[in-house]
Amino acid sequence: MAVYALTSASGSPGVTATALGLALEWPNQVLLVDADPVGGSAILAGYYRGTVAHPGTLVELWSAHRQGGLEAAVRELALRLSETASLIPGPAGAAQAGGLADLWPALAAQLRVLSQLGVDVLIDLGRLGHTHFATPLARAADELLLVMRSDLPAVAAVAAAEVPLEAPVRGLLIGPNRPYTAHAVASVIKREVSVSLPWAPEEAAVLSHGQPEPKRGLKLRKALRQAAEELHTTSITALGVSA
Ligand SMILES: Nc1ncnc2c1ncn2[C@@H]1O[C@H](COP(=O)(O)OP(=O)(O)OP(=O)(O)O)[C@@H](O)[C@H]1O
Ligand SMILES: [Mg+2]
């Protein structure tokens, strides 16, 4: 199985909504880690609208790590999102994130172990370039998915972004043809755009703000399911990761 890390170069293109949507549609056991140093419990406050009590966040993982209990804590503190998906919520804010620096390498190793045990891992890294960006988690990823929209400022920011990693980096395009096609974007950013998700604000608001699901369409959900299946399949085949 594989570790996929999602990040962005500018704006708020939809990293968290996409990571959550992929986790909810993932065809296998999957752990979503919210490692965005900006914090603010985007998923608990957004998708769950503050209605769910959670057993712990990365901060409790950090304490467990200090006491030598990281492996068990990852299992015990994860909040169940569905039958197959669970979530480790992120820090409350940048100050807390700054204190997590010594957790990242140990957690990175733990996530790699989980992927070898058959669990896929998705990491929301927040934006590239943040002071407390979790570089060790990014380095642990088999692939980095650079989430972006298709307008010129977004494409220009991705083209200019420095990605301090050796892992393969692919584009994940939200709203192709608004106005640039995936093909045009790929040629400008000089990276493959391997996932395209439709522009679907109402459906996205289910994931980002806990809005009720629209009654029809569900084109984003279908595309997320297809993307999740492709990424999971890639994790078994192209990445050469053992199933
Ligand atoms: N496929 C989509 N179509 C339309 N709107 C989307 C889509 N995906 C996400 N959005 C919207 O984009 C906005 C930002 O989403 P989200 O919070 O996931 O972005 P982010 O990249 O994680 O931002 P930040 O860097 O601030 O954490 C939200 O209003 C969300 O509903
Ligand atoms: Mg986010």
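Guide: **The ligand 1 site**

An oxygen atom of ligand 1 lies 2.7 Å from a polar backbone atom of Ala17. A polar contact here is a pair of N or O atoms within 3.5 Å; within protein, one must be able to donate a hydrogen and the other to accept it, and residues adjacent in sequence count only if both atoms are side-chain atoms. This is a predicted model, in which local features need pLDDT of at least 70 and side-chain atom pairs pLDDT 80 or more, while totals for chains, interfaces and linings use all residues. Residues are numbered from 1 along each chain as its sequence is written, chains are lettered from A and ligands numbered from 1 in the order in which they are written, and side-chain values use heavy atoms, with hydrogens and water left out.

Taken alone, ligand 1 exposes 640 Å², and the protein buries 79% of that (Shrake-Rupley method, 1.4 Å probe; for residues, only the protein chains shown count as cover).

The shell holds 19 residues, of which Ser12, Val15, Ala17, Arg149 and Ser208 come nearest (near: a heavy atom within 4 Å). By class, eleven are nonpolar, six polar and two charged; nonpolar covers Ala, Val, Leu, Ile, Met, Phe, Trp, Tyr, Cys and Pro, charged covers Asp, Glu, Lys and Arg, and the others, Gly among them, are polar. Helix 1 (15-25) and helix 10 (201-209) each supply at least two shell residues, and helix 10 gives the most, with five. Helices (H or I, at least four residues) and strands (E, at least two) are DSSP runs, numbered from the N terminus.

Ligand 1 sits in the largest pocket. On a 1 Å grid over the protein atoms alone, a pocket is an open set of points where a 1.4 Å probe fits, with protein on both sides within 12 Å along at least five of seven lines; lining residues have an atom within 4 Å of a point. A molecule sits in one if more than half of its atoms lie within 2 Å of its grid points.
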